[in-house]
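Please view the sequence and the model together before reading on.

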Amino acid sequence: MEDKTGWICLHRDITDMKGYFGHPFSRTECWIDLLLLAEWRDSREFYIRGNLVTVRRGQVAMSTAALAKRWRLARNTVTSRLTEMEADERIKIEHQKGKIINIISIVNYKKYQDYEQQTEQQTEQQTEQLSITNKQDNNHDGGARAREGKPPGSSSRCLTDDELLALWFPPGRANKDAEAMCMQWGITVGVLRTVAEEVLRDWRLTGKTHTDRSDQRRHFLTLIRKKLNQRKQDEISQRQHPNELSRKEREAAFMQHIREHVAAGKKR
């Protein structure tokens, strides 16, 4: 039986794809589009034709007419689709009396878009699978080395930084794990490589060592995901508070302050 556990990230810029709005939406496309339209912040207020509208996380505030235009469907068809979703307990519709819009709430929105929780679950699953694979590799290597009269496990030396990068990013492309991570986080291979290089630089600064290659790979994967998650949180924070400095900008400003302080001390 096909394993249908887990989830994928779907970036909202998919709506910019050529042809996204070029045909009437199917039932599946209507459902996915509602997930894309749902508010991701805790709450947001705005005005529609002079009416103050408040939407909370996981809610969509749109009229049937607006959805019909967006989905290229008749208004009766949109009403029918929404009724089906409500009967399936995927959404709840709050019909606001005297208002031109309805509040559509995604049931269990957290299940679909709880970024940190799902990322943690996938990290644990991938780490477990990686641990099993490495254990099999180590058992194989250990047996071979025992037959040669060599100590088991010594062949599982840790990779150098260049070897680790070459493993993830062979010349001209990325390996399957890296490509899957790019798809999951909605980033390019170049961005992922930059994050990986930052992780390696952090390692060198901390002086951390690893007991074997499996420990090294597991730690590398975990830190990359933490770094990506931090970048995501920085992006969200920057959108919410555009006048605040990002974490990187704060770090850069701090380092500049240290350099200026040291330079001033040398002049004295």
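Contact, as used for packing in this report, means heavy atoms within 4.5 Å. The structure is a predicted model.

## Helix α1 and its surroundings

Helix α1 covers residues 27-37, and its buried residues are Cys30, Trp31, Asp33, Leu34, Leu35 and Leu36. These buried residues pack against strands β3, β4 (91-95) and β5 (102-106), and also against helices α2 (64-71), α3 (75-87) and α4 (109-113).

Strand β5 is mostly covered, with five of its five residues buried. Asn102, Ile104 and Ile106 lie on one side of the strand, while Ile103 and Ser105 lie on the other, and both faces are covered.

Strand β5 is paired with two other strands. It runs antiparallel to β3, to which four bridges join it, and antiparallel to β4, to which five bridges join it. Asn102 in β5 stands opposite Met62 and also opposite His95.

## Gln59 in strand β3

Strand β3 comprises residues 59-62 and includes Gln59. Is Gln59 buried or exposed? Gln59 counts as buried because its relative accessibility is 16%, and the cut-off for a buried residue is under 20% relative accessible area.

The side chain of Gln59 takes part in polar interactions. One of its polar atoms lies 2.8 Å from the backbone nitrogen of Arg56, and the side chain also makes a polar contact of 3.1 Å with the side chain of Ser105. Leaving aside residues up to four places away in sequence, Gln59 touches Leu37, Ala38, Glu39, Thr54, Ile103, Ile104 and Ser105.

## The β1-β2 hairpin

Strands β1 (residues 43-48) and β2 (residues 51-56) run antiparallel and are joined by six bridges. Together they form a hairpin with two residues between the strands. Ile48 stands opposite Asn51 in β2. In the turn, Arg49 has a positive phi of about 50°.

Which residues make the nonpolar surface patch of about 360 Å²? The patch is made by Phe254, Met255, Ile258 and Val262. Met255 is placed in helix α10, which spans residues 247-267.

An α-helix has 3.6 residues a turn, so residues three or four places apart point the same way. Met255 has a relative accessible area of 41% and is therefore partly exposed, a class that lies between the cut-offs of under 20% for buried and over 50% for exposed.

Key: Residues are numbered from 1 along each chain as its sequence is written. This is a predicted model: local features need pLDDT of at least 70, side-chain atom pairs count only at pLDDT 80 or more; totals for chains, interfaces and linings use all residues. Side-chain values use heavy atoms; hydrogens and water are left out. Patches are made of residues with over 30% relative accessible area and no salt bridge: like charges are joined within 9 Å, nonpolar side chains (Val, Leu, Ile, Met, Phe, Trp, Tyr) within 5 Å. Accessible areas come from the Shrake-Rupley method with a 1.4 Å probe; for residues, only the protein chains shown count as cover. A salt bridge is a side-chain nitrogen of Lys or Arg within 4 Å of a carboxyl oxygen of Asp or Glu. Buried means under 20% relative accessible area, exposed over 50%, partly exposed in between (1.4 Å probe, protein chains only). Two strands pair if DSSP finds at least two bridges between them. A polar contact is a pair of N or O atoms within 3.5 Å; within protein, one must be able to donate a hydrogen and the other to accept it, and residues adjacent in sequence count only if both atoms are side-chain atoms.
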